[in-house]
Amino acid sequence: MSRERLYLFDTTLRDGAQTNGVDFTLADKLTIARMLDELGVDYIEAGYPGANPTDTAFFAEKRPTHAKITAFGMTRRPGRSTSNDPGLAAVLDAQADAICFVAKSSDYHVRVALETTEEENLASIRDSVRAAKAKGREVLLDCEHFFDGYKSNSAYALACAKAAYDEGARWVVLCDTNGGTLPHEVEAIVGEVCKLIPGDHVGIHAHNDTEQAVANSFAAVRAGARQIQGALNGLGERCGNANLVSIIPTLKLKAEYADKFDIGVSDEALGQVGRVSHGLDDILNRAADRHAPYVGESAFATKAGIHASAIVKDPTTYEHVAPERVGNKRKLLVSDQSGRSNLLAELDRIGFAVDKDDPRLSRLLDEVKEREAIGYAYETADASFELLARRLLGKVPCYFDVDKFDVSVEQRINAKGERVTVSMAVVKVKVGDEILISAAEGIGPVNALDVALRKDLGKYQSYITGLELTDYRVRILNAGTEAVTRVLIESTDETGDHWTTIGVSANIIDASFQALMDSIIYKLVKSGAPA
Ligand SMILES: [Zn+2]
């Protein structure tokens with residue numbers, strides 16, 4: 001059976017850019033566009049030329065991509081001609097392969113928001129599609145508020161969609177702009193639209209306000225739509241757009257879709273989907289969602305002992321797909337609840353062959369339990385666990401010693417008469433026979449300590465240049481009678497690997513120091529630095 005082509009339209013750079021707290025620079029946009037192109041999406045909606053300097057700059061030149069670079073814009077304003085609308089002109093003149101117009105498709109919005117007539121709105125759609133086609137662009141029409149409009153006046157909503165299709169728009173995209181439509185409604189309404197417009201010209205743009213944007217996208221595909229619009233990590237206004245990072249693996253790995261459809265994402269690219277997702281988090285300076293389907297650190301993590309022993313025998317017992325297909329890893333969490341099977345499997349994954357009767361195994365399990373009792377949490381701190389295991393099994397070289405460190409925090413009035421707080425750290429490190437002293441200022445005491453510690457590690461410096469701290473989390477715990485501080489640090493490096501380390505102490509600087517040290521030592525071990 002030959003498969004049908006299903007198209008992916010990414011709007012991370014347009015709808016995603018409207019996310020609260022997201023502000024892409026031109027360099028960010030170019031990087032993300034490259035990632036999306038390598039992933040294999042069919043359309044990259046890169047912004048709204050004329051609306052802001054970044055988007056205008058993006059569309060000022062031709063961007064060589066496999067995907068169609070798409071400019072977003074509004075149809076001509078009511079009462080104007082296409083040749084006398086500066087907003088429309090900016091979109092028509094943009095260096096883009098395709099133009100995605102947005103137009104109202106709800107009679108209520110035409111009257112109240114646009115303050116024009118239904119007929120003038122239809123004329124605006126027809127004229128704009130025609131003008132863009134005359135410019136040689138592929139044309140898409142986003143029918144705004146389509147589902148709400150359809151429920152109140154289906155004839156008018158359909159007339160808007162049909163006007164664009166009849167005028168030669170390649171795609172008519174049905175938008176659940178307010179995100180409140182439910183999957184069974186989407187399926188029924190898209191089914192009706194596909195009786196009028198062939199499904200291979202119909203797209204879905206779903207928002208996540210009931211956390212069903214992904215489900216709504218699939219409902220539309222089941223009803224006949226053949227283009228899905230979405231964003232990486234579900235970025236987008238309010239609760240976001242449909243998450244392409246969840247949609248792509250489902251399309252590739254679930255038989256209902258994989259047997260029926262081809263998409264532009266190859267099997268190799270599917271293995272990179274997690275890296276793309278984390279790459280976007282890095283650009284946004286956000287911690288990755290540990291519980292994200294397919295790509296989250298916990299997506300294939302098992303904690304309880306009986307699940308773990310079953311998963312070691314046969315992974316399909318508790319996994320719906322193989323983690324390697326999406327570039328993820330199976331993880332058996334080591335914690336005070338875990339038994340030997342977790343521990344053995346985790347050691348095996350790290351690369352230690354230990355016999356199940358090895359007495360060192362009991363020592364390691366006891367050590368984990370003791371440490372967790374005082375506040376450590378190894379199930380989140382995979383890299384610290386690996387170091388602990390390596391140490392007990394006698395395999396971590398002593399790369400360097402921190403002889404001492406000193407951190408100071410000073411608050412004073414500066415020359416401008418402002419009250420400022422300055423942190424400084426001095427670290428004395430012994431590397432072989434060499435004594436190295438580094439000092440640094442930082443945004444806070446932990447940052448100063450981190451900068452000083454990583455400033456000069458002598459012969460090991462070249463191994464840690466790619467090391468970057470991406471997240472720092474602090475929790476105050478009540479373990480026993482005293483409060484202790486738990487610090488978790490997430491790091492990454494030039495290979496795109498992520499790892500988490502932990503420190504626990506009554507003193508926050510000391511806890512941070514432990515986690516920082518573990519991160520650096522883990523990086524040295526991982527890079528194969530010589531002892
Ligand atoms: Zn939207």
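Helix H15 (residues 340-350) packs against helix H17 (residues 382-392) at an angle of about 90 degrees, and their axes lie 11 Å apart. Here, helices (H or I, at least four residues) and strands (E, at least two) are DSSP runs, numbered from the N terminus, while axes are lines fitted to C-alpha atoms, for helices over the stretch in contact, with angles running from 0 to 180 degrees between N-to-C directions. H15 and H17 are therefore roughly perpendicular to each other; angles of 65 to 115 degrees count as roughly perpendicular, those under 35 as roughly parallel, those over 145 as roughly antiparallel and the rest as oblique. From H15, Leu343, Glu346, Leu347 and Ile350 meet Phe385, Glu386, Ala389 and Arg390 of H17, where contact means heavy atoms within 4.5 Å.

The model is predicted, so local features need pLDDT of at least 70 and side-chain atom pairs count only at pLDDT 80 or more, whereas totals for chains, interfaces and linings use all residues. Residues are numbered from 1 along each chain as its sequence is written, and side-chain values use heavy atoms, with hydrogens and water left out.

Stepping back to the whole protein chain, there are 20 helices and 18 strands. The C-alpha atoms fill a box of roughly 80 × 65 × 45 Å, taken along the principal axes. Of the 531 residues, 52% are buried, meaning under 20% relative accessible area, with exposed set at over 50% and partly exposed in between (1.4 Å probe, protein chains only). Among contacts between residues at least 6 apart in sequence, 66% join residues at least 24 apart. The chain exposes about 23300 Å², and carbon and sulfur atoms supply 49% of that area; accessible areas come from the Shrake-Rupley method with a 1.4 Å probe, and for residues only the protein chains shown count as cover.

Leu343, found in helix H15, counts as buried at 0% relative accessibility. Its C-alpha atom is separated by 7.6 Å from that of Leu365, 22 residues apart along the chain. Leu332 belongs to strand E12 (residues 331-332) and also counts as buried, at 6% relative accessibility. Leu332 and Arg111 are 221 residues apart in sequence and 58 Å apart in space, C-alpha to C-alpha.

Gly73 sits in strand E4 (residues 68-74) and is buried, with a relative accessible area of 0%. Leaving aside residues up to four places away in sequence, Gly73 touches Tyr48, Val91, Cys100, Phe101 and Val102. Between Gly73 and Ser124, 51 residues apart in sequence, the C-alpha to C-alpha distance is 13 Å.

His145 has a positive phi of about 55 degrees although it is not a glycine, and lies in the loop between strand E6 (138-144) and helix H6 (146-152). Glu211 likewise has a positive phi of about 55 degrees without being a glycine, and is found in the loop between strand E8 (202-206) and helix H9 (213-222).
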